[in-house]
Each structure stands twice: as C-alpha cells, then as structure tokens.
Amino acid sequence: MCGFLFEFSFSELSDIKNFKKGLNSISHRGPDNINFLEFNNVRMGHTRLSIIDLNQRSNQPLTSNNLTIIYNGEIFNYKEIKKELESKGYKFNTKTDTEVIVNSFDHWGKDCVSKFNGMWSFVIYDNKTKEIFASRDRFGIKPFFVFKTPNGYIFSSEIEPLTKFGYKLKINKEYISEFIRQGDPEYNGATFFSEIQELFPAHNLIIKENRTIESYKYWDYPRKNKIKTNQSSFLAFEQLLTNSISLRLRSDVDIALLLSGGVDSTLIAEDIKKNNPGSLDRAYCYSSGDKYDESKYAKKIADRSGISLFSIKQTLIEDNYLERLSLLVKRFGKGLASRSVIPVSCIYEKIAEDGIKVAIDGQGADELLAGYKHYHLKVLPYYIKNLKVKFTYELLKDLIGNGVLKNIMLFYRSVMPEFMKNLGRIIIGYEKFLKIPQRQLSSKYNFLNCSKFNIKHEDPLNSYLMNQHINGLVYLIYYGDIISMMYSIENRSPFLDHRLIEFAYSTNVLFKVQGASNKFALRKNSLYKPVKNLLERKKVGFSTYISNEIKIEMISELRNSSIYELGIFSKKLKKDLLTNTFMKRKFEYILFRIYQVHLWLKIYSHAIEI
C-alpha cells in the first residue's frame, strides 16, 4: 500500500521542484521510503508503506525485464501467480507482489490484470517500446487520478499532488453544486477540478509511443443468474469467503480488525478464529455513547475471539472537529458526504498510534447481499410473483415494524427520477440556496472516455444492488482508502473479492433474502449459528452528530467566506446565515457540505482559477 506520482509530457517535463513537492505531499501514504526515476519524457515517483517483503530491495520504482513500475495496492494471490511464472522460467529478486505484477505484464501483457485478486492502481513504463500501461482494480478500491495538462498527463494516488505543478485549475462548479444537493452524485469520475478526473474502476489505460492515449474496461458485472440457490451454493460462497479472508491475512506486519459487532465483521472475526488463529490480536470499534451504541456487542465478539478491543468515543471527537475536517478535505481534494468520516478517522488514528499497519473491515457486504431493509422493496415483487406467501407476510411485517414510510423514502431516493428528487429538495428547502439548476453531470469531464458499467441484470434485485455497488459503494471505498492512508494504514475488505461479487450477482433473490432475513447467505454460514443471539437485532449505522457549538463556528466562518465568488449560491444563503436557519436539524447535512466547499477553497486557493 503506497502512493505514486507519474508525469508524462509531450515536450519537456515540469520543474523537478514541483514534482518533489507533489511527491512529498503524499508521504503519509508511504512513510517507509520515497524515491523517483526519470526516463526521457517520463517521471515516476513513489512513496512506500512496507507490508510485504520489508527489505529495501522491494522499494519502488522497481525495474524488471526493462519494465519499470510504480504501484499502490496488494495482489493477494501473488504467491500463486509467482509460482506459475516460475514454472515458465521467470526469476525473482524480491518476495514482493510488485515484482509479480511486472513479470505478469511481461508474460501475459495487458491481460495480466484478469489474473489478479486484489486492489491496485499502477503504472508500468516499457523502457524499450516507450509505451505506458496503467490499470485500476475492478471496484476502484485504490484511487487513480488523472490531470490533463497542456503538455501531457500527470497521474496520482491523491488529488493534492496534482495541484503542486504551478497550473491554475478551473473549478467544476457543476459537480460542486450536485455535491451540495446530493452528497455523492451518481459516479462519473468527476472531481471539484475540471481538469482532474478519476480513471474509472476496472479500466486499463495505454499511452503509446505515438502519444495517443486510450482507456478501456477489462471487467464487468454478471448479467444472468447462473447459480441455483441451494445448500451447495451457500457452502461454495462460504468457502470463497474463507479463502478471501485468508488471502487478505498475508502480511509481514501486524493486522487489526475493525469490529462493529454486526454480521459482516463478526463473521470475519469468527472465520479468522477458526481458520487462521493467532493472525491478529486486537480489534477497534466506535462508541457513540447513545442508544445506538453497538460497542457492547463488539466487545462480546472480541472476547469470544480472544482479542483485545479498543473503543473510540464520540466525546473525544468534539475537541478538534473542524481541524480534523479541514485535514480530511485536504486529503480528499473534495467534500465528504458522510459525517461518519470523522469518527472513522479517529479509529484509524488510534490504530496508527498502536503501531498497526494493516486493518481488515466488512465493507461491501450490504451492497452484495441486500444488507439494508429498503433493499427489500425490490424483493417483495419476486415473492408475490412466485407465490411466496409466507415470505411475503414476513417481509411486510418486518417493513412495517421498521418504519415502512422511512424505507420507501430511502428506496425511492435511489430509483426516483431526478425531477422528483429535486422536488424533494425544494420541499426541504435546499434548492433555494443554489443558483445552478439541478442537472445530469456532463460527460465533458470524462476526457479519458472511460466506459460506465452496465447495471441491467435479468434479476431486478441484482440490478438494484449493482447500482448501489457502482454508484454508492465506490464513494465509501474511496473514503476508506483516503482516511486509512492519512495514518499510513492499509485497509483490506474481504467482501470486495471479485469472486464473491461475481458469485452473488449470479444468484437469485433467495440467496440474499428469505422472508425478512437479509444477507441470507451469511446467515447460512456455519459460523453464524454460534453467534446468532448476538446478531439477531436491528441494524444501525454510525450515530454521529454536529454539536451546536460547532454549527455556530461553521456559520460564523461562512458569513465571511469566499464561496460567494463561485457564482453557484443564491443571495438567500448569505441572508439565512445571519439568522438561526442553519441551526435547525434539517439543514445539518447541507451546512456540513457547504462548509466543506469553504474549506476546499481555502486549502486549494493557490491552484484555483475563479
């Protein structure tokens, strides 16, 4: 797990001082080594967080067979691929997965990525052909940002380095407006900067010697249900999950578990206890200190597994809330939709203080196996159509008990037409603060011509879940990477193994939900029954809030902010900031977002053209 900075120029490379500034700005991603190499019109920089093969021989940029690589991520099945390459005559000088990627590319070419099980963003420069090959993992677990300069391209693991090259960047006002409205708009790779976009997940990128650039999608989601839901399929899924967890325990440094006390992280803990005992000895959780606090359940699971549990309390977060939020905006290079990033950052800070370099979490299971109750509204038609009378009754009873109106609102927030969403924001009162009308984000910011995923599946539930996976989870994954790497910690998520995802999206409704029981495949896991009594409870998320004292500070700063120069806010915003409007609970989300735009303008004023 590392950081990289890559520069390609059609003419002359930039001032080396700017490149070094950019590379140093991501030293938190790799505090163990920092280095760069230069080849003609190419410059490759890397900051290393040593996880596999801690020896300096594995530092990057790394060259093998006339191929030089800079790489961020982990190929978890690298040992198996290495063994296959050795059988074909390849020799290895290191024990790292980085060299496995280089030799895989040398042998299989661009198709090598289909063999990788893991998370990655990498760039390979061919010293003979002068061609450049880059790739991002299937689900965008590892960030990959592209800055289109007047003279070429700059690639980076984060946005901040791209602002260090002396260019004045244009503000993507359209995207910022949609961020304020929606938090996380439908994914299209755009950023707050018009000239910076993401390389889409599951995409390769090639720059040829003739300087043409192309990107293409190398993987996509299943389209049909090819796996029958029965005991054999539940067992096969369990075996895949066990293997996924085992692969993600490969490390030459200590590992910790993020343990919420929910189904996903609990099963990971139980699986490790059974199949890889002694692989970790500590876990971390968040304690909200209110009626939604689940840390007591996490404690019981930790005690079962014989591991120590460390809780981060909400009260500790209030002390430096705005200072912490400012650092987060700097690292993300944009605003954050979720307030939960604040306590999550505190958890990773504690993990780093304890000297841990790797953390495992349960991210991705909800979008895979219908983990939220409002997903069940897509299940109901299947039950009715197939005369599942008992399941229909159980599901309706559960929806009513959990607040049917709330679930309907959450469901339609995802599927309703844009004009209906806009109407909802008008009713709440959000639209009155914005000048730019609500619209679909323009494709002009997709200058790499990346292809979107096709989310049409023969199964309506799978289509819906895939949409959540592509347009919702992608942001949560990004949050997880940036926050963990702020503190030099590698984050690993067993449920983001592509084999599990291909399997789950090739099964029907009953694999995921039976009656009112969601994540049914996990409830059929042999490790579930011993902890069933701890898990059969209502699902809750992080309980976070913004105190009145913090709101007052936010409002005070916004009254004299430069955000009004953007031309996207109405006069109503400035007027209402002089009243107590934004102290109301219903305006908490939009206040949180607008304030982050204010922070972003302050942090990146040196690189912005207004």
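Colleague: Where is Asn 127 placed?
Modeller: This is a predicted model, where local features need pLDDT of at least 70, side-chain atom pairs count only at 80 or more, and totals for chains, interfaces and linings use all residues. Residues are numbered from 1 along each chain as its sequence is written, and side-chain values use heavy atoms, without hydrogens and water. Helices (H or I, at least four residues) and strands (E, at least two) are DSSP runs, numbered from the N terminus. Asn 127 sits in the loop between strand E6 (118-126) and strand E7 (132-136).

Colleague: Which residues does Asn 127 contact, leaving aside its neighbours within four places in sequence?
Modeller: Contact means heavy atoms within 4.5 Å. On that basis the partners of Asn 127 are Phe 39, Asn 66, Leu 67 and Thr 68.

Colleague: How is H9 oriented to H15, parallel or oblique?
Modeller: Axes are lines fitted to C-alpha atoms, for helices over the stretch in contact, with angles from 0 to 180 degrees between N-to-C directions. The axes of H9 (residues 341-353) and H15 (residues 460-486) come within 9 Å and cross at roughly 40 degrees. Angles under 35 degrees count as roughly parallel, over 145 as roughly antiparallel, 65 to 115 as roughly perpendicular and the rest as oblique. So H9 is, relative to H15, oblique.

Colleague: Which residues of H15 make the contact with H9?
Modeller: From H9, the contact uses Val 341, Val 344, Ser 345 and Tyr 348. On the H15 side are Tyr 479, Ile 483 and Ser 484.

Colleague: How many residues apart are Tyr 221 and Tyr 505?
Modeller: Tyr 221 lies in the loop between strand E13 (213-217) and helix H5 (231-247), and Tyr 505 in the loop between helix H16 (498-504) and helix H17 (509-512). Their pair links distant parts of the chain, and the separation is 284 residues.
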